[in-house]
Amino acid sequence: MPPPDERRRQQLEAAERRRQENESRGVKNLDKVRRQQQRAEEMERREEEAARQGGNNPNLRWQTT
């Protein structure tokens, strides 16, 4: 059994390693995630706006001759 000071130091090192491992899990690039969310929101807004403007009467019609 190591002396109490050595044991405390080892516990602190182990706790720091666990903290770093937990931080490295999950999302690596927060900016990329934010950009993806903004793009998704923008696409959703555009789709809603197109649905409101177009409704059931689309501007383009197919014509056959």
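The model is predicted, so local features need pLDDT of at least 70, side-chain atom pairs count only at pLDDT 80 or more, and totals for chains, interfaces and linings use all residues. Residues are numbered from 1 along each chain as its sequence is written, and side-chain values use heavy atoms, with hydrogens and water left out.

Start with the secondary structure. The protein has two helices and zero strands. Both terms refer to DSSP runs, numbered from the N terminus: helices are H or I runs of at least four residues, and strands are E runs of at least two. Helix 1 covers residues 4-24. Helix 2 covers residues 30-54. A further segment comes after helix 2, and Gln63 lies in it.

Now take the overall dimensions. Along its principal axes, the C-alpha trace spans about 95 × 25 × 15 Å. The radius of gyration is 28 Å, whereas a compact globule of 65 residues would have one near 11 Å. That radius is taken over C-alpha atoms, and the globule rule is 2.2 Å times the number of residues to the power 0.38.

Arg7 is in helix 1. From Arg7 to Ala51 the sequence separation is 44 residues, and the C-alpha atoms are 66 Å apart. Glu6 is also found in helix 1. Its C-alpha atom is separated by 80 Å from that of Arg61, 55 residues away along the chain. Gln63 and Met1 are 62 residues apart in sequence, with 88 Å between their C-alpha atoms.

How much of the protein is buried? Buried residues make up 2% of the 65 residues. Here buried means under 20% relative accessible area, exposed means over 50%, and partly exposed lies in between (1.4 Å probe, protein chains only). Gln63 counts as exposed because its relative accessible area is 73%. Arg7 has 42% relative accessibility, so Arg7 counts as partly exposed. The accessible surface of the whole protein comes to about 7000 Å². Carbon and sulfur atoms account for 47% of that surface. Such areas come from the Shrake-Rupley method with a 1.4 Å probe; for residues, only the protein chains shown count as cover.

Next come the charges. The protein carries 16 positive and 13 negative charges, and their mean positions are 2 Å apart. Lys and Arg count as positive, Asp and Glu as negative; His and the chain ends are not counted. Each charge is placed at NZ of Lys, CZ of Arg, CG of Asp or CD of Glu.

Some of these charges pair up. A search of the whole structure finds eight salt bridges. A salt bridge is a side-chain nitrogen of Lys or Arg within 4 Å of a carboxyl oxygen of Asp or Glu.

Asp5 is exposed, at 59% relative accessibility. Arg8 is partly exposed, at 48%.

Glu6 and Arg9 form another salt bridge, at 2.3 Å from N to O. Both lie in helix 1, three residues apart, about one turn of the helix. Glu6 is partly exposed at 28%, and Arg9 is partly exposed at 38%.

Asp31 and Arg34 meet in a salt bridge at 3.2 Å, N to O. They are three residues apart in helix 2, so about one helical turn separates them. Asp31 is partly exposed at 46%. Arg34 is partly exposed, with a relative accessible area of 46%.

Which residues form a negative surface patch? Glu41, Glu44, Glu47 and Glu48 do. Patches are made of residues with over 30% relative accessible area and no salt bridge; like charges are joined within 9 Å, and nonpolar side chains (Val, Leu, Ile, Met, Phe, Trp, Tyr) within 5 Å. Glu48 lies in helix 2. At 43% relative accessibility, Glu48 counts as partly exposed.
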